[in-house]
Structures are given as structure tokens and as C-alpha cells.
Amino acid sequence: MLSFPIRLAECGLGEGDALPMALDHMVQHLVSSSRPQLQFYPPLRGNPLWKKTVLAMGEAEVLSTPHNIQISDVTCDSFRVAWEMTPEDTARVTHYFIDLSRKEGGEQNRFKHRDVPTKLVAKAVPLPMAVRGHWFLSPRTDYCVAVQTAIRQPDGDYQVSEWSQVVEFCTGDYAMDHLQQLFDKAQGAAGRMLQFSVFYRNQHPEYFHFVRTECGGVMPLSLKDNSGSHGSPINGKLGGVFLSCNTEFDTGLPPKDSPYGPLRFHISAGHLLNPNTHLYFADFYCMYTAYHYVVLVLAPAGSEGDRFCSGRMPLLDITANPFLIYVPGPEPTFRHASDVILEVLYTEPLALDQGTLQQISGHHQLMSLSTANAKKDPSCKVCNISVGR
């Protein structure tokens with residue numbers, strides 16, 4: 001685009017004067033020949049000459065900057081965005097530009113140049129506008145977003161507004177349908193069922209000494225860490241006592257080794273898994289390894305933990321599910337999935353005198369198997385779903 005600086009003083013004009021006929025003819029000639037950009041010094045914005053010249057060049061009036069950005073209906077992979085603009089702009093805007101990025105280290109997002117179409121160009125629709133599927137949003141992640149409005153010109157270029165202010169929001173947890181997708185994947189990896197008789201918890205001697213001396217012999221609830229899927233609704237929100245139930249294939253007993261400590265608390269399976277408890281599916285993940293983990297929640301019916309899980313996570317039938325089952329009868333039996341490692345979060349405190357405590361016989365600690373704050377492998381096709389990790 002050509003640029004022709006025209007100094008008013010050199011033309012013998014003040015800011016309020018009319019264009020001489022010769023200068024008017026020059027403007028018309030330049031507009032018809034090359035569509036130049038005329039730059040007046042001092043600027044003529046607010047001067048009657050400015051509007052006449054702009055209209056003569058066929059350019060529309062400047063778009064107002066979108067303001068009062070509002071984010072609503074946020075899920076783990078979608079949101080709605082709305083803003084305010086003048087009624088005149090609402091009638092003539094043809095497109096929206098939306099720029100979205102993760103909030104990294106508290107730094108504000110750096111947007112592209114205002115004249116360059118950004119990450120999402122969408123045709124103008126009534127607000128609020130639903131944004132879903134345009135990016136692979138991650139659950140529980142802070143994002144920054146800003147918007148521009150635009151008018152598409154006949155030559156394909158856009159007349160754009162200034163960027164709006166940047167607003168921040170955080171995506172949500174996995175919804176029920178996302179957890180159902182994880183459940184379906186986990187079901188395919190569960191394998192056949194093996195019988196077991198006890199839940200158990202391994203810890204170091206210092207932990208059990210603390211429980212006896214500071215907690216009255218009752219294992220307190222610990223808040224679930226951020227290991228596993230980032231969008232699991234229990235991460236950082238639900239407290240409980242983590243237990244295991246997996247057994248060795250050849251002995252039918254708990255493994256001899258543990259990454260969590262040399263002392264093991266045992267409690268009868270029937271004490272926790274019975275018709276008075278509810279079983280929920282919470283997560284399915286791996287840590288860059290061939291084996292996978294399934295996280296289940298056991299909550300006494302009507303308890304605070306049960307109320308938290310109800311409606312958030314799939315409720316499983318304790319007598320018929322792929323992971324952990326109660327087989328009723330005069331002498332109930334219990335079975336666990338053999339091809340996944342089960343992590344069971346029991347949502348009530350457990351007293352040590354409800355079970356037994358003993359030293360494990362293993363000679364080494366498999367620290368690589370610890371899942372404390374473990375990050376899920378985002379590339380695994382077995383345990384990932386498309387909405388995030």
C-alpha cells in the first residue's frame with residue numbers, strides 16, 4: 001500500500017479548512033489509481049477533513065474495542081465467551097478473532113499483531129459464542145483469552161478492532177461422560193478376576209508411630225494428590241485412606257514388596273466392601289509403563305464422601321463390575337481385576353485396631369512403582385481420551 005504524507009501547512013491549510021479543489025482532485029486520483037493510505041500531519045481524526053478523506057478512500061469507520069469480556073459455561077474442554085460492542089458494530093461485524101493460550105508462569109499472553117488473523121477466525125454469531133473443539137483444551141488449566149471483531153472486505157482483507165483486554169479462566173474437571181469414556185477404556189484393560197481377602201496399606205514405621213501417638217490410633221484422611229489424569233474430580237478435593245488389594249498371581253497373597261514402606265496394615269475385605277458401601281470409578285492412567293492403574297472410591301452409603309462422589313463419577317455395582325466385586329453368600333468372597341493395579345480410596349478414617357500390622361518380607365523397595373504426584377503419560381493410546389490428560 002502506498003503512503004503519501006501531506007503536510008497541511010505546506011498546502012496553506014489549517015485543521016479546520018476545506019480541501020482546495022486541486023488537492024481534492026489529487027485525492028480522488030490517488031484513490032482511483034492505487035488506493036494509497038494518506039497520512040496527514042498533524043492527524044486529522046476529529047477534523048471534518050478526516051471523515052471526508054476516509055469516506056473518499058472507501059474505508060469504514062474504526063471498529064470499537066470489545067469490552068466487558070465474559071466467560072461462562074466452562075467445562076474441561078469448552079467454554080462460552082461474550083463481550084459488549086456498540087450497536088453499530090454489532091450490525092456490521094462479520095467475523096470474530098479469538099486468541100487463547102495457556103497462562104504460563106503468571107505471564108500475560110502475548111497476542112499477535114492486530115492486523116494478523118489469529119488462532120481462531122469465526123463468522124459472527126449471536127453472543128455468547130460457544131468455543132468447543134477448536135483447541136484441545138486441558139482440564140483444570142488456566143488460560144488467557146482476548147477477542148477482536150472484524151469486517152471482511154471485498155478483497156479478502158479484514159478491518160479489525162483493537163484487541164480486547166485479556167481475561168483469565170480455568171477449565172473444569174472431567175464430566176460424567178468423560179469419566180465414562182475412561183471407564184470404557186479401563187474395562188478393556190482389566191483382565192480376568194482373582195480372589196482376595198484383605199485390603200492393605202504400606203507405610204514407614206514413622207507414619208504408624210504418628211498415627212498411634214498423635215491420632216489416637218486412627219489413620220486420618222489425606223487429600224488426594226494430583227497424580228493420574230489431570231481432570232479426575234477427586235484430585236486435590238477428596239480425602240481418604242488409600243489402600244491396595246492386588247495379589248500375586250501364583251500365591252493369591254499381597255506382594256512381598258512395596259514402594260511405600262516396610263510395614264503393612266491389613267483389614268478384612270468384608271469390613272470395607274459390602275452392601276453398605278458405594279463403589280465409584282475415579283481414574284485410569286499409566287506412568288510411561290506397560291501396566292496401568294485404576295482408581296476406585298469406596299464410600300459408606302450416605303457419608304460425606306458418598307455425597308461428594310454421587311453425580312460426579314460413575315457408580316459401580318459392587319456385585320458386577322470389571323474391577324472390584326463382592327460375591328454375596330453365606331461366606332462372601334471378593335475379587336479384583338488381575339491386569340491393572342487398583343488404588344482404592346476409602347473415604348472414612350480407619351482405626352489400627354480394626355486390622356493387623358506386620359512387617360513385609362520383601363528385601364527391596366520398588367520406588368519406581370510409587371504413584372505419589374505421578375504424571376500421566378499423555379501419549380498412551382490405552383488410557384487417554386481426546387479432551388485432555
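Is Cys245 buried or exposed? I looked this up first. Cys245 counts as buried, because its relative accessibility is 0%. I keep in mind that this is a predicted model.

I turned to Cys76 next. Cys76 also counts as buried, because its relative accessibility is 0%. Then I checked for disulfides. The structure holds 0 of them. For my own reference, a disulfide is a covalent bond between the sulfur atoms of two cysteines.

**Ser78.** I found Ser78 in strand β4, which covers residues 78–84. Is Ser78 buried or exposed? Its relative accessible area is 9%, so Ser78 is buried; the cut-off for buried is under 20%. I then looked for polar contacts of the Ser78 side chain. One goes to the side chain of Thr75, at 2.7 Å. Another goes to the side chain of Arg132, at 3.4 Å. I also listed the contacts of Ser78, setting aside neighbours within four places in sequence. They are Asp73, Val131, Arg132 and Leu137.

**Helix α5.** This helix spans residues 205–214. Which residues did I note as buried here? Tyr207, Phe208 and Val211 are buried. They lie on the same side of α5, because they cover an arc of only 95° around the axis. I looked at the other side of α5 too. Glu206, His209 and Glu214 are exposed there. What do the buried residues of α5 pack against? I noted four strands: β12 (198–203), β13 (218–219), β16 (263–268) and β24 (356–359). After α5 comes Gly216, and its phi is positive, near 65°.

**The open sheet.** I traced an open sheet of 6 strands. Its order is β14-β15-β22-β18-β17-β19, and the pairing is mixed. Which strands stand at the edges? They are β14 (222–223) and β19 (315–316). Each has a single partner strand, so one side of each is left without a neighbour in the sheet. As a reminder to myself, strands of a sheet pair through backbone hydrogen bonds, either parallel or antiparallel.

Strand β15 (residues 239–243) pairs with strand β22 (residues 341–346) in the antiparallel sense, over 3 bridges.

**Helix α4.** Last, I asked where helix α4 lies. Helix α4 covers residues 176–189 and lies across β17 (277–285), β18 (293–300) and β19. It runs at about 85° to β17.

Notes
Residues are numbered from 1 along each chain as its sequence is written. This is a predicted model: local features need pLDDT of at least 70, side-chain atom pairs count only at pLDDT 80 or more; totals for chains, interfaces and linings use all residues. Side-chain values use heavy atoms; hydrogens and water are left out. A disulfide is a pair of cysteine sulfur atoms within 2.5 Å. Buried means under 20% relative accessible area, exposed over 50%, partly exposed in between (1.4 Å probe, protein chains only). Helices (H or I, at least four residues) and strands (E, at least two) are DSSP runs, numbered from the N terminus. The arc is that of the directions from the helix axis to the C-beta atoms. Contact means heavy atoms within 4.5 Å. A polar contact is a pair of N or O atoms within 3.5 Å; within protein, one must be able to donate a hydrogen and the other to accept it, and residues adjacent in sequence count only if both atoms are side-chain atoms. Two strands pair if DSSP finds at least two bridges between them. Axes are lines fitted to C-alpha atoms, for helices over the stretch in contact, and angles run from 0 to 180 degrees between N-to-C directions.
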